[in-house]
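Please keep the sequence and the three-dimensional view at hand while reading.

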Amino acid sequence: MDRLEWSSVELLEREPGLEPLIASGVRCHGGFDADGRYRSPRTSHRMPAIAAWQARLATDGHALLSIPDSLLPPHHPNVAQARLLLLEGVREPIVRALTMISIVEGFGAIIRDVPVPDLASLVREPIEGTALAHLSGGLFEAHARDEAGHKDEGGHKQMWEAARDLALDSPKIPSDILMRMMGGARARTRRERLFPRLDETLEDMLATMVNVLVIEVFARGTFDWGETLLSDPEISARPKEAGAMVGYIRADEAPHVEYLRTALSEVRARTLRTVDGGDGELLEGRIVVDALLHRALEFTTRQRPQEQRNATRTSITSSLEKVADAARVRSLLERFDALETPFSPSEKTGFEAAE
Ligand SMILES: [Fe+2]
Ligand SMILES: [Fe+2]
């Protein structure tokens, strides 16, 4: 069997001898090998480690969970809508959307602050040689560094900013973006406990992992959107470089989706002790993970697309009001709506809600 135990130093190790990636003057993580191929950071041991944990899961007869593509809502605004706005000189909604993506990437750093409980005592079966046992031993830290950068090296936050600035020629950034995002986050109610019998730190950690996994999987749509839009010479000042930058970020995301779904599958294959303790009081990991996934997917496929549409509309109207008359605003909104990708959320998420 392949190696299942790795130190955090190994999981965080960088491939030596790469030509660095410089984005808008910022040295970013990752780099190019002798053949000019882009290599993601901290993957030389992390990828084989994840592959070994996945192989072990399969050997033990357990499924690797996956989120079906059919659930993914289309990116809003879609490429045609974004092109329309940019060609009409309405840049703010797109500058806003790209800046929000970079901010969300930077928020990814919170994963390193997620408290990890004493898993060996809360999980009935052994956890040695699993991704689960390595979360606080390098996996969360590597993820945080990839998203937000580390020390003097940029990560995805800086790379998205660079892609935006390359394509749209360093646009003026609206000053209220962060404030509006925080407002939206505050408006959402605090995450409710689904399993009060479970150790709170454990439920919180699993809920965060599930939410981040869902964001990571849905981000695939964002990457396709960003790559297509920013590589379009009609609207992009530097189509080649801007599109390539999004491609590098996309490549770096693979280990995030893979380690999260591996660790969550390992929980699904085990039983969890409740706070009342004792082997008489157990909860199937599958029930817990599936209920958390169900909740996160319901939100992302139903509520979030609506919120996004409202936010874009507000941004279009407010940026147009300053420069155009009411008739032009109406006409542009009509053309914008006509390009909308139809989407109705799937009836079922494929995961069972908690009773
Ligand atoms: Fe990222
Ligand atoms: Fe990520």
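Predicted model: local features only at pLDDT ≥ 70, side-chain atom pairs only at ≥ 80, totals over all residues.

**Helix packing, cores and loops**

Helices H9 and H10 cross with a left-handed sense. The axes of H9 and H10 come within 9 Å and cross at roughly 160°. Since angles over 145 degrees count as roughly antiparallel, H9 is therefore roughly antiparallel to H10. By class, the residues in the contact of H9 with H10 comprise 18 nonpolar, 4 polar and 5 charged.

H9 also packs against H11, at an angle of about 45° and with the two axes 9 Å apart. This angle makes H9 oblique to H11. The crossing of H9 and H11 is right-handed. On the H9 side, the residues that meet H11 are Leu-206, Ala-207, Val-210, Asn-211, Val-214 and Phe-218. Their counterparts in H11 are Val-288, Val-289, Leu-292, Leu-293, Ala-296, Leu-297 and Thr-300. The contact of H9 with H11 contains 11 nonpolar and 2 polar residues, and no charged ones.

The largest nonpolar core has 42 residues, of which Leu-206, Met-209, Val-210, Ala-263, Leu-264 and Leu-292 touch the most other members. Two or more residues of this core come from each of helix H2 (46–59), helix H6 (135–148), helix H9 (200–230), helix H10 (239–268) and helix H11 (285–321). H9 makes the greatest contribution to this core, with 10 residues.

Attention now turns to another helix pair. Helix H4 (residues 92–107) packs with helix H7 (residues 156–167) at an angle of about 165°, and their axes are 7 Å apart. H4 and H7 are therefore roughly antiparallel to each other. The crossing of H4 and H7 is right-handed. H4 makes the contact through Val-95, Leu-98, Thr-99, Ile-101, Ser-102, Glu-105 and Gly-106, and H7 through His-156, Lys-157, Trp-160, Glu-161 and Arg-164. The residues of this contact divide into 4 nonpolar, 4 polar and 4 charged.

In the loop between H7 and helix H8 (177–187) lies Asp-169, which has a positive phi of about 60° although it is not a glycine. Asp-169 counts as exposed because it has 11 C-beta neighbours inside 10 Å. Ser-170, also placed in the loop between H7 and H8, has a positive phi of about 45° and is likewise not a glycine. With 13 C-beta neighbours inside 10 Å, Ser-170 counts as partly exposed.

Pro-77 is found in the loop between H2 and helix H3 (79–87). The peptide bond leading from His-76 to Pro-77 is cis, with omega near -10°.

Finally, Gly-25 is located in the loop between strand E1 (19–23) and strand E2 (26–32). Gly-25 has 8 C-beta neighbours inside 10 Å and so counts as exposed. Its C-alpha atom is separated by 27 Å from that of Gly-89, a residue 64 positions away along the chain.

Terms used
Residues numbered from 1 in each chain as written. Chains lettered and ligands numbered in written order. Axes fitted to C-alpha atoms, helices over the stretch in contact; angles between N-to-C directions. Helix = DSSP H or I, 4+ residues; strand = E, 2+ residues; numbered from the N terminus. Parallel < 35°, antiparallel > 145°, perpendicular 65-115°, else oblique. Left-handed = near helix turned anticlockwise from the far one by under 90°. Contact = placed C-beta atoms within 7 Å. Nonpolar A, V, L, I, M, F, W, Y, C, P; charged D, E, K, R; others polar. Core = buried A, V, L, I, M, F, W, Y, C linked by C-beta atoms within 7 Å. Buried ≥ 20, exposed ≤ 12 C-beta atoms within 10 Å, placed from the backbone.
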